[in-house]
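Let's walk through this model together, a few questions at a time. Have the structure open as you read.

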Amino acid sequence: MLLVIGNVFFHAQTNNAEKNIPEKRSYDKLEKEFYSHVGDVNSKSIAESYLKKAKSEKNTIQIAEGYVMLHFGETLPIALKYLDSLQQITRNSKENIYPARIYLLKGNLYFRNDNLQAALNNYILGLKYAKEKGNKRQIAMAHISIASLNNYIGKHAETAKVLRHYAYDTDYMNEDEQKSLKLNLADAYIEINKMDSAYTLIQEGLLDSRKNKNLYRYYQNLGLLGSYHLHLKNYQKAINALLECEKYFFTNTNDKRDQNYTLLYLGKSYAGLQEKEKAAGFFHRIDSLVLKTNYIYPELRDVYTYLIDHYKENNDIEKQLYYVDRFLKVDQVLYTQFRYISRELPRRYDTPELQQEKEDITNELTKRKSLFYIVLSLLLISHLLFINVYFKYKKSEKNYKKIAQDLIQSVNENRVGRKSDGEIKKEISSEPLLTENTEDKTSRTISEDIARNILHELEIFESKDQFLNKGITLGSLAKKIKTNSKYLSEIINTYKGKNFATYLNDLRIDYAISRLANDKKFRSYKIPFIAEELGYNNEQAFTLAFKKRTGTPLSIYLKEIENMSLD
């Protein structure tokens, strides 16, 4: 779980209100440079230059921005001091981004420093003030940040839903925010096994970050690519991507989240290749980082479990006991955090959101009292319509059952054997071919001998169930019986009273009616298999043809066969 939500929305809380300031261009240049380098060693000097310029010009708005920039990448105590300075200088600000912005930034800070309780508390406050000021973007940031906590406790699908909404369904997220959302959405997709969607977003992120020369974002996407390959058990591909990330994150950044997850995925990849010593080596490094930074995350359970089993296998009791102790300490922290977030999120976020939704609906209904009776009338009408539809359905169902029962009865009463070729030939030759009606309909260009021969071939076609073959066309059947399509079509239209497609469908459905009633084994097959046996390309074509021919759905026909069999 490469949880980067709390770490990539740096620019999300930047101030967009300074558009009318003459110095905007130069400040913008510094700001753009900072956020394109955020996370690397050069970002702090850019932030210091920004704040120095703002103080020299006594520009309160830009001083506030300088404090925001400076708090990134600092240790928790120093970062909090910068945010306290931000709170002090914006105490009387008229901008609608305050004070929500401060609480959201503090929430992200606590999240990055693994204090999830404090993060949730600040996100809730940030959401409260953002709603009071009606700031849609900050409301979105609060929801997105809280989604990261849902991700932490395993509610990945809920996280993906929130991220997808704000990435694609809103028009107030800027380009950089959308890129961050998609980065995190790719991570959530991996967790819920939507691998194709994840891969598409990762490739999009890699391409964009290369194009814009944003190294930090590039390696974040590359790390996700490593996670993607790890989940698909493409271990070597994962290792190739993650080794590049390791070099970058440990040389150019101090972000413990990126560093930890890179080592984690490398360790898991080598474990997948059964290179146990290499896997253990990366997990040792993770333990060292945890001891140094006290950064704890759910996958550490996997790390310590692997090391415990590794040293148990090697009969190294001393190290086995050490990692058992480390596991118990980490597990206690994780349990405490998980329990708190699992309890407090529904109580302090989900329930208030539902209450707010209820209040909004109530207010809307209050404003629209005049529509109440219209709505009531529509409900009444819809209810009556439903009742009408229901009774029509019941009546139709009764009719369908009657039709099905008659069909079954007809099959039972008309069980006859197949005619031989000789019988067919004798039957055709013994009957006059043309009547007064058929003489009017049949083209004079078809001789009686040709017509008689075509009918004879059609009788054989029917008696030998050749109509069950797939891919039969007018042309292919004409060729088979050594005539042309025009003659065959005219004979079928004249003597069968239907076109070729209807003729073929009727033969197949009549066959199905009989065989389904008489062959229990055939009846037990799945519908797609039955459809294929009857020469149809798919189940839908068969069921539609069945109802059109018989006047009753296939499902009811099958049900009535079973009912009559039981009787």
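The questions below look at the nonpolar cores and the salt bridges of this predicted model.

Q: Which residues have the most contacts inside the largest nonpolar core?
A: Good place to start! The largest nonpolar core is made up of 110 residues. Those with the most contacts inside it are Leu 86, Ile 286 and Leu 300.

Q: Which residues does Leu 300 touch, leaving out those up to four places away in sequence?
A: Leu 300 is among the residues with the most contacts in the largest core. With residues up to four places away in sequence set aside, its partners are Ile 286, Val 290, Tyr 295 and Val 330.

Q: How many salt bridges does the structure hold?
A: Here a salt bridge needs a side-chain nitrogen of Lys or Arg within 4 Å of a carboxyl oxygen of Asp or Glu. Lys 179 and Asp 208 meet that with an N to O distance of 2.9 Å. Over the structure, the count is 26.

Q: Which helices hold Lys 179 and Asp 208?
A: The side chains of these two residues meet in a salt bridge. The pair ties together parts that are 29 residues apart in sequence, because Lys 179 and Asp 208 lie in two helices, H10 (residues 175-191) and H11 (residues 195-211).

Q: Is Asp 302 buried or exposed, or partly exposed?
A: Asp 302 forms a salt bridge with Lys 268, with the closest N and O atoms 3.1 Å apart. Lys 268 lies in helix H14 and Asp 302 in helix H16, so the pair ties together parts that are 34 residues apart in sequence. Buried means under 20% relative accessible area and exposed means over 50%. Asp 302 has 40%, so it counts as partly exposed.

Q: Which residues are linked with Asp 510 in a network of salt bridges?
A: Asp 510 and Arg 549 meet in a salt bridge, at 2.7 Å from N to O. Asp 510 lies in helix H24 and Arg 549 in helix H27, so this pair ties together parts that are 39 residues apart in sequence. Asp 510 is partly exposed, at 34% relative accessible area. Linked with Asp 510 in the network are Lys 498, Asp 506 and Arg 549.

Conventions. Residues are numbered from 1 along each chain as its sequence is written. This is a predicted model: local features need pLDDT of at least 70, side-chain atom pairs count only at pLDDT 80 or more; totals for chains, interfaces and linings use all residues. Side-chain values use heavy atoms; hydrogens and water are left out. A nonpolar core is a set of buried Ala, Val, Leu, Ile, Met, Phe, Trp, Tyr and Cys residues joined through side-chain atoms within 4.5 Å. Buried means under 20% relative accessible area, exposed over 50%, partly exposed in between (1.4 Å probe, protein chains only). Contact means heavy atoms within 4.5 Å. Helices (H or I, at least four residues) and strands (E, at least two) are DSSP runs, numbered from the N terminus.
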